[in-house]
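Dear colleague,

Here is the structure I said I would pass on. My notes follow below it.

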Amino acid sequence: MTASVRAQLLARAGGSGGSAPGLLFGDDSWTWDEVVHESVVRSSVLSELLGVGGPPHVGVLLDNVPEFSFLLGAAALGGHVVVGLNTTRRGAALVDDVHRSDTRLVLTDDTHAGLLENLHIGVPVLRLDSPEWAALLERHAHAETPGTEVGPDTLMMLIFTSGTSGTPKAVNITQAKIASPGEFLAERFGLGGNDVAYLSMPMFHSNAVMAGWGPALAAGATMALAPRFSASGFLPDVRRYGATYANYVGKPLTYIMSTPQRPDDADNPLRLVFGNEANERDIEAFGRRFGCVVVDSYSSTENAVIVQRVPEMPPGSLGRPVEGVAIYDPETVTETPDAEFGPHGELLNAEAATGELVNTLGAGAFAGYYNDPDAEQERMRGGMYWSGDLAYRDADGFVYFAGRTADWLRVDGENLAAAPIERILLRHPAVEQAAVYAVPDDAVGDQVMAALGTRSALSPADLETFLAGQPDLSDKAWPRFVRVLDQLPRTATNKVLKRELAAAGPVAGAGALWTRAPRGTTYDES
């Protein structure tokens with residue numbers, strides 16, 4: 001039977017394991033016995049504050065601080081639901097997140113309390129650095145473990161999707177959705193009581209909870225918290241805490257690789273880094289520079305479609321899909337044909353071979369969206385889960401990411417996917433980040449636009465020469481417009497906000513803007 005987070009947490013207390021270090025934060029530390037006790041106390045506090053009746057939903061607007069971990073434990077023990085409020089959301093958007101998640105109480109601290117000032121969120125706000133919170137903790141200091149009936153299917157969190165392509169949706173996160181990946185990853189990576197898991201990804205997001213907090217709990221490893229991700233602070237923290245494991249999502253490897261290289265970078269305890277959405281160049285270079293193994297995987301907050309990396313996979317591939325995962329044409333609801341490649345690796349049948357990653361067996365681990373039946377119905381069509389991610393598959397069954405469904409570009413009557421173009425742009429040594437998106441064509445369809453974040457000097461002539469030397473880049477995939485920036489706009493989980501880039505369009509603004517003639521290959525700088 002699948003474990004619950006409650007069972008995993010209670011298993012950490014008592015005996016020799018209970019006296020082992022469970023949580024590190026700065027100069028402070030807690031044993032596992034103390035972590036479980038602090039979680040029990042907060043579960044009792046939440047029961048008093050929320051009372052009976054109504055959804056037991058508590059909004060948490062915090063950085064990665066010990067209170068966040070204790071509150072997750074409290075929810076697991078007492079059947080409460082932590083609503084992970086995104087600390088980068090502002091104004092009406094933040095209010096909307098509170099209301100549609102049925103949040104009845106918001107917990108925050110001095111760092112983020114200002115985000116709620118002058119907002120009419122309609123629910124109480126309690127600061128965790130206040131005398132009131134300290135008094136509550138003292139009053140419940142001798143609380144007993146709650147006897148609430150909690151199981152694998154009990155709702156424990158609401159985690160909002162990243163919102164890179166629209167309004168974030170609140171994903172139902174049951175105890176099993178945290179406990180099961182935690183057990184799987186702990187066993188897969190051989191994590192145990194001697195390991196230290198470094199958590200710097202935001203704990204309001206699924207990656208931190210399912211790939212960091214959950215595996216550490218399942219393994220009885222020590223959790224070491226960083227308030228927020230810092231590229232320059234990563235290696236010092238790894239050394240300070242003796243971290244052997246770390247998780248990431250989005251571009252953190254890229255940012256860390258941009259810090260000055262030192263001869264002793266590999267002199268650290270880190271042995272494994274696990275996450276998703278890193279590019280091939282950074283995966284290989286990071287492992288070599290820091291003397292560890294990087295395992296990148298395909299996943300999403302919904303966690304319903306799984307593609308696993310295997311040793312023999314070709315460069316650029318996500319890996320092989322598990323049973324039931326296929327690539328379907330959303331129009332015909334049939335499986336797409338295998339990708340066909342030319343002598344230089346160019347994809348010859350992109351339009352036919354590219355489709356949507358689908359779980360044909362059903363919802364998988366997807367437990368639905370909270371109070372959003374329309375979005376849920378969009379994901380579950382014909383009894384299958386449609387991921388919203390584009391991909392294509394080679395003759396050996398390896399899957400290649402092609403972008404989100406919103407990343408289709410219609411250029412001169414031909415459909416192009418953004419991700420393959422991005423992978424080509426990232427081959428240039430000066431390019432640190434690449435985002436490809438559609439902008440309207442003056443006549444019909446789209447034009448290709450790219451935003452590049454650079455790590456060193458790049459000129460229009462450099463880019464022209466580079467693109468001309470890429471045999472797998474079709475003429476139609478050459479970016480018509482290129483915006484060069486120091487950093488691309490991104491979410492709190494380090495995903496590029498393409499909608500902001502696309503909204504700016506090909507007009508003068510931030511960074512340099514390069515434009516080529518419709519049939520030319522020469523870029524002029526605006």
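Contact here means heavy atoms within 4.5 Å. This is a predicted model, in which local features need pLDDT of at least 70 and side-chain atom pairs count only at pLDDT 80 or more, while totals for chains, interfaces and linings use all residues. Residues are numbered from 1 along each chain as its sequence is written, and side-chain values use heavy atoms, with hydrogens and water left out.

Helices (H or I, at least four residues) and strands (E, at least two) are DSSP runs, numbered from the N terminus. Asp-265 sits in the loop between α10 (252-257) and β12 (272-276). Apart from neighbours within four places in sequence, Asp-265 is in contact with Leu-235, Arg-239, Pro-260, Arg-289 and Phe-290. Asp-265 counts as buried because its relative accessibility is 4%; buried means under 20% relative accessible area, exposed over 50%, and partly exposed in between (1.4 Å probe, protein chains only).

Strand β12 also belongs to an open sheet of seven strands with mixed pairing, in the order β2-β1-β10-β9-β11-β12-β13. Two strands pair if DSSP finds at least two bridges between them. The edge strands, each pairing on one side only, are β2 (28-31) and β13 (293-296). Strands β9 (residues 196-199) and β11 (residues 245-249) run parallel and are joined by two bridges; Tyr-198 has Ala-246 in β11 as its bridge partner.

Elsewhere, Ala-450 lies in strand β25 (residues 446-454). At 1% relative accessibility, Ala-450 counts as buried. Tyr-437 is 13 residues from Ala-450 in sequence and 6.4 Å away in space, C-alpha to C-alpha.

Regards
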